[in-house]
Amino acid sequence: MHESVLLNETVESLNLKDDSIAVDMTLGFAGHSSQILKRIKNGFLFAFDQDEEALTYSREKLSKVSNNFQIIDSNFVYAKEKLKELGIDKVDAILYDLGVSSPQLDEDYRGFSYRFDAPLDMRMDQDNKVTAKLIVNSYSYEKLKEIFKKYGESRFASSIAKNIVKYRETKEIDKTLELVEIIKSSVPYKERIKKHPAKQIFQALRIEVNNELDVLEKSLDDSLSMLNVGGRIAVITFHSLEDKIVKHKFNKVCEIDPLVKGLPNIPEDKLPDFKLITKKGIKASDEELANNNRAHSATLRVIEKIK
Ligand SMILES: C[S@@+](CC[C@H](N)C(=O)[O-])C[C@H]1O[C@@H](n2cnc3c(N)ncnc32)[C@H](O)[C@@H]1O
């Protein structure tokens with residue numbers, strides 16, 4: 001089952017009130033959502049996901065807590081529009097717990113894991129047309145190299161891309177373990193024993209399949225525009241590319257306009273609308289790290305709308 005990461009820290013950080021309107025952008029198995037719902041007895045929770053299994057499981061789990069929630073089967077990139085359709089323009093708390101859940105990783109047919117043999121899929125949304133298989137069998141050497149470098153931060157992007165292109169000249173790449181073998185054969189042995197060489201490449205393919213970084217950028221802008229004064233956004237990321245996006249965006253909206261910075265009296269309208277609640281990203285405690293492997297790479301950042 002999915003073990004929620006930074007559960008208490010995140011729910012605490014949202015500063016929920018009894019009547020808060022909250023949004024969970026990544027419902028998953030409702031670990032965070034259940035705790036949120038318990039704290040907003042006279043409020044309401046909107047929760048997004050696009051994974052059928054997560055949606056079904058969480059609907060039942062949340063209904064045991066209260067009825068003040070609505071689950072929306074959609075990519076969170078459309079959250080602003082979807083909420084507008086429901087008459088909601090402003091909310092008090094927004095949570096992102098990014099990436100995939102443990103059951104998604106462990107389900108062999110989804111193709112997210114380099115540990116099980118499965119079709120090369122990696123779609124979070126089963127209606128998405130782009131799969132990992134399509135990418136490895138049709139992208140050019142240059143494009144593959146670019147995504148492995150950019151999204152996987154792999155030092156062996158070039159040789160892995162080259163070997164993929166060579167392999168597929170004779171046979172289409174169908175399965176995850178087939179790809180793992182190609183990756184292994186492209187990385188020197190001493191590097192392979194340090195860490196699994198497929199980890200970064202699978203991450204890169206997942207980001208590309210689901211367009212994860214663009215989706216996050218756009219959605220964060222929308223979320224910043226939807227907050228009520230006093231409202232907060234909490235984001236848990238699991239790799240440095242995501243964290244960089246969140247950190248950069250949060251820092252930017254908390255900056256004082258450089259034109260007035262340093263003035264003795266800064267006009268009210270030139271002061272930033274947001275304040276960082278976490279100056280540095282929050283990491284999991286030693287206790288959590290000992291119990292939940294996924295927590296190692298997690299970073300929590302929180303921002304508040306102050307005017
Ligand atoms: C790490 S899990 C969330 C776990 C959840 N916080 C819990 O405690 O059970 C991330 C979930 O977000 C969903 N997800 C990821 N990206 C998404 C997106 N762009 N739109 C909608 N759901 C997304 C995944 O399907 C997955 O179920």
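The structure is a predicted model, in which local features need pLDDT of at least 70 and side-chain atom pairs count only at pLDDT 80 or more, while totals for chains, interfaces and linings use all residues. Residues are numbered from 1 along each chain as its sequence is written.

**Stop 1**

Helices (H or I, at least four residues) and strands (E, at least two) are DSSP runs, numbered from the N terminus.

**Stop 2: two loop residues**

Select Ala30, in the loop between E1 and H2. Ala30 is not a glycine, yet its phi is positive, about 65°. Ala30 is buried, because 28 other C-beta atoms lie within 10 Å. The cut-offs are these: a residue is buried if 20 or more other C-beta atoms lie within 10 Å of its own, exposed if 12 or fewer, and partly exposed in between, with C-beta atoms placed from the backbone.

Now go to Asn15, in the loop between helix H1 (7–13) and strand E1 (21–24). Asn15 also has a positive phi, near 55°, and is a residue other than glycine. With 16 other C-beta atoms within 10 Å, Asn15 is partly exposed.

**Stop 3: helix H3**

Select residues 52–63, the 12 residues of helix H3. At 1.5 Å a residue they should span 16 Å, and the end C-alpha atoms are 17 Å apart, which agrees. The expected span is 1.5 Å times one less than the number of residues in the helix.

Show Ala54, Ser58 and Leu62, which are buried. They cover an arc of only 45° around the axis, so they are on the same side of H3. The arc is that of the directions from the helix axis to the C-beta atoms. An α-helix has 3.6 residues a turn, so residues three or four places apart point the same way. Turn to the other side of H3 to find Glu52, Thr56, Glu60 and Ser63 exposed.

**Stop 4: helix H12**

Select residues 212–226, helix H12. Which residues of H12 are buried? They are Glu212, Leu216, Ser219, Leu220, Ser223 and Met226. Seen down the axis of H12, these fall within an arc of 125°, so they line one face of the helix. The face turned away from the buried side carries the exposed residues Asp214 and Ser225.

**Stop 5: the two domains**

Colour domain 1 (7–97 + 213–305) and domain 2 (105–210) separately; the bounds come from an automatic or database domain assignment. Their centres, taken over C-alpha atoms, are separated by 30 Å. The contact takes six residues from domain 1 and five residues from domain 2, where two residues are in contact if their C-beta atoms, placed from the backbone, lie within 7 Å.
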